[in-house]
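Please keep the sequence and the three-dimensional view at hand while reading.

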Amino acid sequence: MSDVVFRHAAAGEERAVIDFINQNFDMRLPLINRPEFYRHYYAGRDGVPQFVVAEQDGRYLSAAGYIRADAAGHDVWVSVWVAAKGHNGVGLELMNALPQLTGAEVVACNNIRPKTCAFYRFLGWQAERLPHYYRLASKAEYSLAVLHRADILPVRRDLGLEKVETVDELFALGMPLTPYTPRKDTWYMRRRYFHYPHFQYDVWAAREDGRLLAYAVTRTVSAQDTGCVPVVRLVDFVGEDAVLPRIGAALDAILHREKAEYMDCYNAGIPAAVWRTAGFVERLPDDGQIIPNYLTPPLRENTEYYYFTNKPDNFVMFKADGDQDRPNLPAE
């Protein structure tokens, strides 16, 4: 028996990799079986699919799919990872080899199973719960959130937000300064928020004296979808921490303009104190507050997400990163 080979998948190999994942994963994944999701997440450049594999004697033992955060692939999100029965150790070795196989500096994954955190910590990586923040609209009663208290923090009226209507406007603005990874670029912003196959996103620019300071990205879940009132998701923020409190009133204005019950955000990396200054309260696992995540139809309970990254310094993660913030569609 030959040694296990860890390598990048080649052009024309995607069907075999997908078949292997379907045979060994515990469900049929829409991400790889719905054509529009596969094209969006994994199609890659020059026909090379965005998968790495562990192979022995011509047989796959493990496979992982990844998503680029920028055109060059400096940073990537792992999306799907599976090992054949009895080969979990090989799967862990493949994950450890993924940075070298892809050429990525930062490797992360959004929405891992809590029980797998120990695997990533074994590799020396960070694996934690993804914090959850929210801002309530001022209402006499709440239809979706289940609250013991309705804290509404003050916000600063400093910077406004301008809607970026087109890709041409996005490219003309460029990208703001940020200390954080993954290092998103305009290629990623266009692909993720202007050309996503299902959801409609709103991209907002914060500028001062003509200089771009930050992008905020929101998605409104309509009253028709929730069955009662809208909710606004703040799914991404690209910029420096100091800008976030300065757009607190502008985010609050979006919340009220949409007649939404609350705006929420899942984020790791930006300190809770910064979110509070921007008007967002942190929901803690044991505080009794329920800020529903599943809304179509509403499921009035909290959802906890977990993530990992191989380089936690200056790392941020948001709800829309990786393969998250997508509709729950059946596999084809």
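Which residue has a side chain joined to that of arginine 129 by a polar contact of 2.8 Å? The partner is glutamate 304. A polar contact is a pair of N or O atoms within 3.5 Å; within protein, one must be able to donate a hydrogen and the other to accept it, and residues adjacent in sequence count only if both atoms are side-chain atoms. This is a predicted model, in which local features need pLDDT of at least 70 and side-chain atom pairs count only at pLDDT 80 or more, while totals for chains, interfaces and linings use all residues. Residues are numbered from 1 along each chain as its sequence is written, and side-chain values use heavy atoms, with hydrogens and water left out.

Arginine 129 belongs to strand S6 (residues 126–129); strands (E, at least two residues) and helices (H or I, at least four) are DSSP runs, numbered from the N terminus.

The nonpolar interior comes next. A nonpolar core is a set of buried Ala, Val, Leu, Ile, Met, Phe, Trp, Tyr and Cys residues joined through side-chain atoms within 4.5 Å. The largest has 46 residues, and Met189 and Tyr215 are among those with the most contacts inside it. Apart from this core lies another of 30 residues, including Leu213 and Phe280. Methionine 189 touches Leu170, Phe194 and Val238, among others, when residues up to four places away in sequence are not counted.

Of its 13 lining residues, the closest to its centre are Arg39, His40, Arg68, Trp187 and Arg191. A pocket is an open set of points on a 1 Å grid over the protein atoms alone, where a 1.4 Å probe fits, with protein on both sides within 12 Å along at least five of seven lines; lining residues have an atom within 4 Å of a point. Helix H3 (35–42) supplies the largest share of this lining, 4 residues.

Conventions: Buried < 20%, exposed > 50% of the residue type's maximum accessible area, 1.4 Å probe, protein only. Contact = heavy atoms within 4.5 Å.
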